[in-house]
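Q: I have the model open. Can we go through the chains, their contact and a few helices?

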Amino acid sequence: MIDSDVLERVLGRALQGGGSFAEVFAEDRRSSSARLEDGRIEELTSGADRGAGVRVVVGEATGYAHTADLSEASLLAAAEVAAAAAKGGGGIDEVTLTRRPVDSSPIRLRPEDIAKADKVALLRRAEEAARGAGPSIRQAAVSVADYRRRILVANSDGLLAEDDVTRLRFMVQCVASGDTGMQTGHEIVSATRGWELFDDRSPESIGEEAARRAVLKLQARPAPSGAMPVVIAAGIGGVLFHEACGHGLEADLVDKDASVFAGRMGQQVASPLVTIVDDGTPRGEWGHLAIDDEGYATQQNVLIEDGVLTGYMWDRLRADKHHRGGTGNGRRQTYRHLPMVRMTNTYLRAGSGDPDDVVASTPRGIYVKQLTGGQVNTATGDFVFGMGESYLIEDGRITEPLREGNLIGNGPDVLRSIDAVAGDLEMAGGGGMCGKDGQSVPVGVGQPTLRVPSLTIGGTAA
Amino acid sequence: MSGTAVDTSLVGLAEGVVARAEPGEELEAFVARRRRTTVGVRKGEVETVEQATTAGIGVRVVVDGRQGFAYAGSLDDDAVALALAEARDNAVFATPDDANGLARPDGVVAVELPGVDEALAGIGTDRRIELALAIERAAVATDRRVTGLRSASWSDVVAESAVVTTTGVRALDAASFWSASADVLVGDGDEVQESYGVRVGRSLDEEPDVEGAGREGAERALALLGASQPASRRVTVVLDPHVTGSFLSLIGQTLLGDAVLKGRSPFADRLGEPIAAPGLTLVDDPTDPDSPGAGRVDGEGMATRRNALVEGGRLQGFLHSTWSARRAGATPTGSAVRDYASTPRAGTQALILATGELDLEALLAAAGDGIFVQGVSGLHSGTNPVSGDFSVGISGRAIRNGALAEPIREATIASTLQRMLLDAVGVGSERVWLPGGTGSAALVIEGVSLSGS
């Protein structure tokens, strides 16, 4: 994207007024999306974004400026703006870059090579399958979005690394109508893969799943209110651990005392059944990265092992401050943003035992099959999650479906109280976007079937 | 970029693209440029200085009712040419829709707004740092239990955009904004709480109340200390203006032409009917210069206007883009929202709730017993905008004998948006402007189901 001698000159300019660290991050992103609603192809969109940001660090202060123009003159100007914000200290005279090998994920069917007509045909297949689910389906909307993101990172340590990532996301939303009014259902499939994704998961199966959820909710009764045991099915429930404890294990929040896990290293913070891992390496997963947005290789980081806090996630800045290595968790939304500590794929490791036994040993409670996102206060660990698909458990059996409601609890309390973890670890097929301080990045989540003895259900039943 | 005056080259660039339209082709170019500078401080020192300059173009093509769109995140000739070629190609695959088409000027004259404040556009980094430090100082000085800030930041923005179409639109808009925000941590014994405060404005005509943001963040966090879970029951709730604002934006989403046409609004068939308590009036008015969302033209270049949504409790209208107005056979409302990377859609720009007679103290006194809600979480995951059902996590204070009492947490309130509007028995007398452009106020709602222990 940019010649290494140009990068060396830009880094030199960034550090000419002092500074202990400088970095150039360049990005070229091509995206496309298509959307079908009510039988109409509403919209095909294509986008191209390219630019670079220059970061200069002096002590605790960081300067950042970016440009959409990758010419040397423009990069040098950005370097000067960033440097002006961070003066003094430093003493780096010259930067010599060495290219690091990066094992980028191979993509078999590049989305940009798929004909637009074929993309449109795929949307139609999913729509037909959704509408085929029954006369109560009133609407089906199908969308596909893909992007290819090429990044380059060069810094004053001499690091030079490039990566090339392709992601794909397919979503079906349905509205079903019946005696109880209108209900919605959706299914999302997303991966760090190309069009080969559809070899494993047909568009028809995605459409059918969204329709099934909407129809199911027509017969659903309002969720109850109050505290009760909750069994969370394998897969998407991992978002709960992403929110309820993952954020609290991000070193920037720990550093600012904005985490309930600050100062707890080595302590028992969870049930001995709980091991939580963040791992950017698994190819194909939605949160997969070969290198993070600071150029460092991602790795498997065990955050909590058998209930004991064993590690935080780090970006370059915080790791330096603590005189330790990074963990490959420095990420940013685009070249317009500063990197910060972010998760990649976060999951709870498999325990042992049969998921059916977890339900069978729960006399009365809630079985949650789909969560629809949530929010957490990292300072207290308090969280709220929406239940997309959930059921009552009565006498150890899954019975009636329930309408939307919220799960309310406290992350550390939940971690300590988990009393059953089955062996059926699954990554969620439809990872989402995680927002933090105004930046949004794709993250994967997963978990095995598990039980929390008591969570507050905020349902709408009188 | 100096940014002190409207940059006419944006219009020139848009005109250049539109001039390339082929016969039978409607073409729209939306060009935007934005400079945002943010200074973050921590413990009395500068932590970050970020200067972000963004420019991009969105090109929309309509041929025989087929619409195609493409964008570029830069304004160089190659990127613009690629966007135009891709937009044309994308149109080929779209389904024809006779409601597709670009905006046509309808005689409504765009209001004059202050535009870019020269003083704000020319603010220096030293002054920004002073302002950011003042936010942090004010938060720390509020109470000895303030343990620190997760962030204290000052941010200012100069934004310009131009829309030109083959259908006669040639519009320019420019504005400046500032915001001061504080994310404050407080502690007492082992307990830690966190909350935020924010102030927004469009100019430096008055001294920015940055201390207010710091103090508000600290006070909101302090109020949460020692919170306990309340008992489940049916209660009257008083929403603080921030919380009212969150609900107003949800309600706003149900009053958009797109949602109504697609059967996604519980109010779709209720035009002219009472849908709210008689005391409730809600407008979307981007012509109000006090709103942080004020603008002369919408995302399609139509002049903005004051649109009544609910007046005296009665549903008066919906907000439309050109597409939804045509499809619905409705009068245009100038309510298309977008950025350069997206096609225009109907949206709220400056939702404003008409204020009532009573101040907060009087509202609490009138409520007697209930809950003062200062924070909500899970608003989007917990709301079904189609059916109107919602269930959200709340934090705040109990109201006892008409006054604020102990803090509460780990509780939810549930109702439907429809019920909530009908049960909104009181609106506060103080208007608070929120970053999204919303003019909010405290709101009293009766008969809400509270779920706790």
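A: Terms come before counts: helices (H or I, at least four residues) and strands (E, at least two) are DSSP runs, numbered from the N terminus. This is a predicted model, in which local features need pLDDT of at least 70 and side-chain atom pairs count only at pLDDT 80 or more, while totals for chains, interfaces and linings use all residues. Residues are numbered from 1 along each chain as its sequence is written, and chains are lettered from A and ligands numbered from 1 in the order in which they are written.

Q: How many helices and strands does chain B have?
A: Chain B has 10 helices and 20 strands. Its radius of gyration (taken over C-alpha atoms) is 23 Å, close to the 22 Å from the globule rule for 453 residues, so chain B is as compact as a globular protein of that length. That rule is 2.2 Å times the number of residues to the power 0.38.

Q: What does the C-alpha trace of chain B span along its principal axes?
A: About 70 × 55 × 35 Å. Of the 453 residues in chain B, 60% are buried, where buried is 20 or more other C-beta atoms within 10 Å of a residue's own, with C-beta atoms placed from the backbone.

Q: Now the A–B contact. How many residues does it take from each chain?
A: The contact takes 62 residues from chain A and 57 residues from chain B, a contact being two residues whose C-beta atoms, placed from the backbone, lie within 7 Å. On the chain A side, strand β2 (residues 40-58) gives the most, with 11 residues.

Q: Which strand of chain B do the bridges join to β2(A)?
A: Strand β3 (residues 66-72) of chain B, through four bridges, and the two strands run parallel. Strands pair if DSSP finds at least two bridges between them. Gly47(A) has Tyr71(B) as its bridge partner in β3(B).

Conventions: A residue is buried if 20 or more other C-beta atoms lie within 10 Å of its own, exposed if 12 or fewer, and partly exposed in between; C-beta atoms are placed from the backbone.
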